[in-house]
Amino acid sequence: MTEFCIRKAEQLFVQAKTLHGVDQPAATLRLLRSCLELAPQHRQAHLLLADVLEQQGNVVEAATALEQAVSRIPNDDELRFRAAVLQLDAGQFSAACGHLQQLHSRYPTDENLLIELALMWRNTRQYPQLLASLDPIGDTKLQQLVDQARAVVEPAAKPTYAYSSMQLQLLYQHGVCMLGTGHDNARDIPHYSTYLITNDDIIETVVRFVSCASQLLWRWPAVIAFSRQAEVLAHLLGHGLGVEVIPHDRVGDFSVSPSNPAPLGVSDLLTPGWETASPAAAQLATHGSLFACGVVDIPNQRRLPTFFGLPCGERVCLPWDRLGEARIGFKPEGLLHPLPRETDTRPPEVIAGDYWPVIRERLAHGPTGPTTHLLQLFSRSHASLHPELRKRAPARLPVWQALPNNRDDTNIVQTLRSGSQVEVTSALRALDRQLGRQRVYPAQALLKGLEAAFHRFLQLRTNIADILFRLAPARFGQFLASYLRQGIDAVAIRERECLVHLFGYNPWSPTPEPLLASWVGEAVQSSDRPLLRSELVQSKYGLLFLWDSGQLDRWLDHLLADIDPVVLGTLQWLHDEPAAHSHAHRAAAVLDHANTDVVHAGLELATVATVQLPLPTLDRMIADATLPERLRCAAVSALTAHPFTVVSERLAALRGQTCLRLRAAAVAALVHYDPVDASQNLAAWFATEEDVCAPELLRALNAAPSFHHLAPVLAAMPRPSQVKALVSACQGTLVGFDDPQLLAHIRRYPACYSLDPCYGFADYLYRHANPASERALVFNALGATDHWSAYQAMAVLARWGDEQMADNLERALDYRADHALAALAGRLGYAGCDELPPYLKRLETHFFDARGWPIVCQLAGDDPRATAVRAWIDGSPARSPTWARFCERQLRKQIPAPYRVGAQSADFWVMEKLLPQAFATMHRRVLYGVPDRFAVDLLMYLGTTNPELGRTYARLHVNSQHFGMRLTARLLNHA
């Protein structure tokens with residue numbers, strides 16, 4: 001019977017080996033397990049079983065299989081070694097240590113064994129043992145491990161390691177898992193200084209955490225919240241993990257012991273010192289069981305939670321607990337006093353109920369995209385995770401579900417109607433690709449499917465709206481109009497926020513009814529919706545819709561009498577929108593407001609819109625020492641709206657003020673006026689001013705609009721120390737004016753200008769100075785800390801005949817990228833038209849990205865060389881499309897996110913000058929195609945530089961369904 005079992009087992013092994021060769025793992029595993037049941041000591045079957053399991057990603061199962069093989073064949077050292085290697089990969093260090101030490105006693109010089117033993121000691125941080133075993137050997141292959149261990153044992157020799165991201169640094173140095181939010185790809189997680197965490201961020205972070213916990217076998221008996229704001233997150237994580245949720249008022253009810261394992265603690269935003277404020281949270285952090293939505297000021301944290309979403313600065317808030325100043329977009333230094341918080345007063349479980357259906361739908365289809373990256377990262381770096389995570393459960397490689405491949409319109413329509421969010425996202429990507437190839441026809445079934453998906457998925461509305469508008473703009477306008485006509489009360493709170501953001505980024509509205517205008521008016525009339533009014537005011541287009549529909553006058557008084565965040569947001573919008581400055585006279589009505597930040601915003605609005613506020617009111621503010629200094633400075637700045645003859649005596653009287661900031665505001669006001677009027681006042685001011693080197697006064701001078709404003713100041717300064725301070729702060733401004741009169745002052749104080757000169761200084765001397773007398777100044781500029789300035793000085797010396805500098809500059813073209821680009825910029829500065837081609841080829845090959853764009857602008861600014869560059873581009877059929885794509889890509893990057901009426905941001909003139917045919921093709925394609933933010937800027941540029949062509953395009957877009965295009969077209973038609 002025994003011989004029969006052995007023969008039968010051998011047959012099964014041969015069959016399994018054959019199936020393994022044709023890649024049938026399931027059948028192979030079944031035959032191998034049957035083989036081992038008949039012959040438990042079949043060595044080759046054990047090895048093949050471990051190989052198949054490992055290839056499928058089941059490292060833990062493979063290690064367990066070999067551990068059983070070692071127990072059945074204890075004298076087989078190869079099996080023992082293979083088992084130890086797999087146990088190391090699975091993070092089972094204790095079992096691996098026993099096997100490796102037993103083998104080491106038998107084979108003390110085996111190289112492969114020593115490497116695995118060293119890796120085990122390194123991963124378990126047993127560096128003295130690592131040194132004791134490897135240091136006497138002297139094997140060069142192991143020297144790196146020896147050096148690493150010695151660096152830990154001997155801190156003085158500890159090297160520094162550079163990590164490619166903050167996520168990897170936190171993982172490998174502290175064992176912390178950083179998950180990211182809805183606005184990153186889980187690889188590049190940015191640090192936010194001021195950030196409003198959105199609903200999408202909450203959903204994405206929770207989905208990533210729950211997916212990783214389920215795939216990597218992390219388990220907790222309960223979830224406990226440490227604050228009311230964190231209870232919403234606790235309920236979401238409790239639902240996802242399927243465990244009990246303990247509210248924050250029962251924090252004292254839990255204890256950690258071997259019989260009572262640690263629950264998962266949940267915090268909202270952890271600020272430095274949280275360990276002292278919450279000892280319970282610190283205890284859970286020690287046990288690897290603390291999750292936080294965000295960590296504030298990471299460098300000053302003494303301890304970090306095991307899991308968190310994003311690293312952030314001091315102005316970050318949750319969707320259900322907003323900071324007033326963060327909501328309306330102010331920086332921390334932008335307000336004099338903090339605004340009250342805006343908190344959703346509903347119970348936490350009710351707020352969590354708004355998020356859970358979407359999270360459940362996402363979790364039902366397995367991890368995808370960024371979550372897949374996190375799973376791979378945490379699995380691969382299991383040995384670097386928090387020690388308690390490694391104890392909680394062994395890691396295993398995740399198995400995730402592939403996305404469906406939607407290849408035809410029928411499949412896409414069916415997915416849009418009944419698919420999950422993951423499947424709909426894949427279908428939208430397929431649609432977008434087909435739209436790019438113009439292979440999509442707006443069939444009724446497809447449009448209805450997109451509209452159905454618009455209702456079902458809030459997070460995808462922006463993408464769906466974009467595709468709907470591209471397929472059928474008129475139908476989309478009618479669809480959105482009918483949806484919004486339901487009124488505020490008929491739309492759920494999360495849908496409202498999504499629609500407000502939709503209008504903020506995709507400003508579509510059919511003519512003649514601006515959809516959001518009635519919604520803003522309805523919200524203003526309601527006294528119980530301050531959160532919605534704040535959202536509408538902070539939306540880029542909320543008040544623009546009111547302004548375009550002619551209803552802003554009707555509702556502006558209501559908005560300026562609303563809660564403080566709404567008033568501040570309205571004043572900020574009026575300040576940032578030059579086309580709406582006709583309403584800036586309303587600033588006078590807020591000068592008596594109880595909130596000093598509102599008064600400050602009103603003063604800044606009046607200053608930028610040149611609205612003359614009552615002089616007695618401004619005098620009272622300036623003289624009131626109890627007011628904040630910044631408010632009094634804003635009152636001084638508001639004087640600039642009045643004629644110089646009216647305010648000159650007031651500004652002169654401020655020279656006796658003890659407040660340095662007030663004197664700086666007076667200097668800035670003087671610089672604002674015509675230099676003929678203000679020059680004598682400025683000269684008198686700095687001839688006797690003792691603290692002229694104060695940063696406030698230097699910043700005020702740095703804002704001068706012309707050299708003629710600064711010339712009397714330079715002449716009036718009696719001491720070189722004052723000149724040195726002024727030049728250090730304002731050298732870039734002085735050189736940028738490119739006024740020949742500055743050369744006399746440079747010759748008077750050469751030492752002040754040769755101390756770390758700015759970029760452009762050497763070029764200024766080349767244009768205006770004498771090589772014989774100013775060569776020393778240019779030579780000193782070679783030591784500038786900014787290598788761009790140094791290479792520019794090298795180029796100027798080469799232009800003056802220094803052959804050694806010319807050779808140095810040519811050699812620098814082969815240095816590392818940043819130095820080579822600076823050297824190339826210097827070399828192109830004096831290259832003749834016939835010398836340009838090789839340098840242009842180098843620019844095109846190595847620096848055709850954002851770094852090379854300033855050089856392209858420099859070439860386009862010089863007419864003879866611009867003509868030569870254009871001829872060189874036209875000389876090759878393949879070169880013009882390459883340069884055109886590069887230019888358009890850089891121009892699109894220059895377009896800012898907010899839209900301002902009449903604004904124009906990108907350097908279109910560069911492409912028009914170097915690539916006239918490509919520019920003409922581009923503006924026809926863009927302005928006859930689907931409007932976007934880039935098209936708005938391009939239309940404004942054409943209307944400014946080529947009014948006839950601009951008005952031709954404007955007539956096409958007067959009734960455009962794109963809000964920015966419509967306003968810009970109307971502005972050009974009325975010009």
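Helices (H or I, at least four residues) and strands (E, at least two) are DSSP runs, numbered from the N terminus. The model is predicted, with local features needing pLDDT of at least 70 and side-chain atom pairs counting only at pLDDT 80 or more, while totals for chains, interfaces and linings use all residues. Residues are numbered from 1 along each chain as its sequence is written, and side-chain values use heavy atoms, leaving out hydrogens and water.

Select residues 199-215 to begin, which form helix α11, with 17 residues and a reach of 24 Å from its first C-alpha to its last. That reach is close to the 24 Å expected at 1.5 Å a residue, where the expected span is 1.5 Å times one less than the number of residues. Of its 17 residues, 15 are buried (under 20% relative accessible area, with a 1.4 Å probe and protein chains only). Just after α11, select Leu 217, which takes a positive phi of about 65°.

Select Phe 291 in β6, which is the bridge partner of Val 266 and stands opposite Phe 307 in β7.

Finally, select helices α47 (residues 853-860) and α48 (residues 863-874). Gln 858, Leu 859 and Ala 860 in α47 meet Arg 865, Ala 866 and Val 869 in α48, contact meaning heavy atoms within 4.5 Å.

Terms used: Buried means under 20% relative accessible area, exposed over 50%, partly exposed in between (1.4 Å probe, protein chains only). Axes are lines fitted to C-alpha atoms, for helices over the stretch in contact, and angles run from 0 to 180 degrees between N-to-C directions. Two strands pair if DSSP finds at least two bridges between them.
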